[in-house]
Amino acid sequence: MGLGVLLSYLLVCYLFFYCKCMEGYKKLSKEEDLELEEQLKRLNKPTVKSITTKYGDIYDCVDFYKQPAFDHPLLKNHNFHPEMKPTSTPRRVSPKKKSRIPKLDYKPVRIGLEGGGCPLGTVPIRRTVKDELITAKFHSELHASKVNPLDVPGFPGVHYCFARSQAAIDYHGVGGTLSIWNLPAQAPQYTVGRIKLRNGDESMEVGWTVNPGLYGDTRTHLYTYTNASQSHCYNAQCGYVHLNPNIPVGGALEPVSTYNGQIYSITLSIYQDAATKDWFLKLFTNGTGINLGFWPHKIFTNLGNKATQAEWGGEVFSPPKIPSPPAGSGHVLILEEEDTARDAYSANSHIMVNNTIMDPPVGVVKIVDDSNYAVLREGDVGGDFHYLIFYGGPGGAT
């Protein structure tokens, strides 16, 4: 069989799988259809102002108190407000070592809405239509392994290439600087680079993703994912409370890195406020921290008080018989070199323990489930990179 015929066959298989999955979601009973309509009403709140991006995405500026998070049954009676911020900020106490690798001219990615964003007291929420809500439900369940072809022997599904800190300590935060890439993927495939905290079955994560099924395009997006008790969702749909009026979760990230060229990055952290126990999401740009939002501790069971693991790296998904998409920079890691211009990385990878920023403890493990991907744990290389982790691969797992 020629390569062209094989690719055509695989594409047909892929389309069949995706259409069947989505077809199942769109064949709704009357009760399910009414429930979707109610969800749309909860998501698409009355708006103070609407902002259309150059790509056609519409963000509605919704009153802080009317955002979707507060439809969560555990958040009906709250005392949150638009000026929420952590009562304290974690500090690094270890001295910076001299770097053993060349300093890289990486630049922060541009992020935020055009025209100054939303008015104070409001937050940007992406406008959702019914088909997008159905698709978002499918992808949320997919990411939570509710729909996972990995359970079928011999079929591909979710593949991993990340480093995990799982020392027997209480984790109160995770952070890192992720290089940003744009990789090829077709719905329902996705590829992500992220930092993550977990405790048992519960987790929260933030990073960049290419997910055409979720966003309807092949651009790179900022994303969050929440897996709390019985609820799981992307971005601001089920418990994550957004604070920033100018930077939405789910927004496009640009520009992106060029292999062996200009590198763009984003610095993110999730950490637990010592007093309230809520988990704050912070973005750093030009050395300044910006609060994006937070996960109230009360939506979690296991993660309500602490995390037990922290992760940095990548994850991909592809349906049965379709080669998996690339991860990281999309290339084989340069294992003999420390090449921050070609390999995707998480630099300054760290954890927080009792409000102290520190390098991951001894015993960080590499989680790689297929030879098409790899992780290189460099450790503390000094300088701005601190604890450096490379990850990625060309994909093609079947």
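Let's start with Asn-355, which counts as partly exposed because its relative accessibility is 24%. You'll find Asn-355 in the loop between strand E17 (344–353) and strand E18 (356–358). Its backbone is worth a look: phi of Asn-355 is near 70°, a positive value in a residue other than glycine. Please keep in mind, here and throughout, that this is a predicted model.

Is Asn-260 buried or exposed? With a relative accessible area of 53%, it is exposed, since the cut-off for that word is over 50%. Asn-260 sits in the loop between E12 and E13.

That loop has something else to show us. Pro-255 is found in the loop between strand E12 (241–242) and strand E13 (263–272), and a cis peptide bond joins Glu-254 to Pro-255, with omega about -10°.

Pro-188 has its place in the loop between strand E7 (173–179) and strand E8 (190–199).

Strand E8 brings us to the sheet. It is an open sheet of 7 strands, and if you walk across it the order reads E11-E10-E9-E8-E16-E6-E19, with antiparallel pairing. What happens at the edges? Strand E11 (231–234) and strand E19 (365–368) stand there, and each has a single partner strand, so one side of each is left without a neighbour in the sheet. On average, neighbouring strands of this sheet are turned by 15° against each other, direction ignored.

Let's zoom in on one pair. Strand E6, residues 158–165, and strand E16, residues 309–317, run antiparallel and are joined by 8 bridges. To get your bearings, find Tyr-160, which stands opposite Glu-315 in E16. While you are in that stretch of sequence, look at Cys-161 as well: its relative accessible area is 1%, so Cys-161 is buried.

And that leads us to the cysteines that are bonded. How many disulfides does the structure hold? It holds 2. Cys-61 pairs with Cys-118, and their sulfur atoms are 2.1 Å apart. The torsion about that S-S bond is about -80°, so the disulfide of Cys-61 and Cys-118 is left-handed. This pair links distant parts of the chain, 57 residues apart: Cys-61 is in strand E2 (residues 58–63), while Cys-118 is in the loop between strand E4 (106–108) and strand E5 (122–126). Cys-61 counts as buried because its relative accessibility is 0%, and Cys-118, at 6%, counts as buried too.

The other disulfide is made by Cys-233 and Cys-238, with their sulfur atoms 2.1 Å apart. Here the S-S torsion is about -95°, so the disulfide of Cys-233 and Cys-238 is left-handed.

If you number the bonded cysteines of the protein chain in sequence order, the pairing comes out as 1-2, 3-4. That's my tour, and I'm happy to take questions.

Key. Residues are numbered from 1 along each chain as its sequence is written. This is a predicted model: local features need pLDDT of at least 70, side-chain atom pairs count only at pLDDT 80 or more; totals for chains, interfaces and linings use all residues. Side-chain values use heavy atoms; hydrogens and water are left out. Two strands pair if DSSP finds at least two bridges between them. Helices (H or I, at least four residues) and strands (E, at least two) are DSSP runs, numbered from the N terminus. Axes are lines fitted to C-alpha atoms, for helices over the stretch in contact, and angles run from 0 to 180 degrees between N-to-C directions. A disulfide is a pair of cysteine sulfur atoms within 2.5 Å. Buried means under 20% relative accessible area, exposed over 50%, partly exposed in between (1.4 Å probe, protein chains only).
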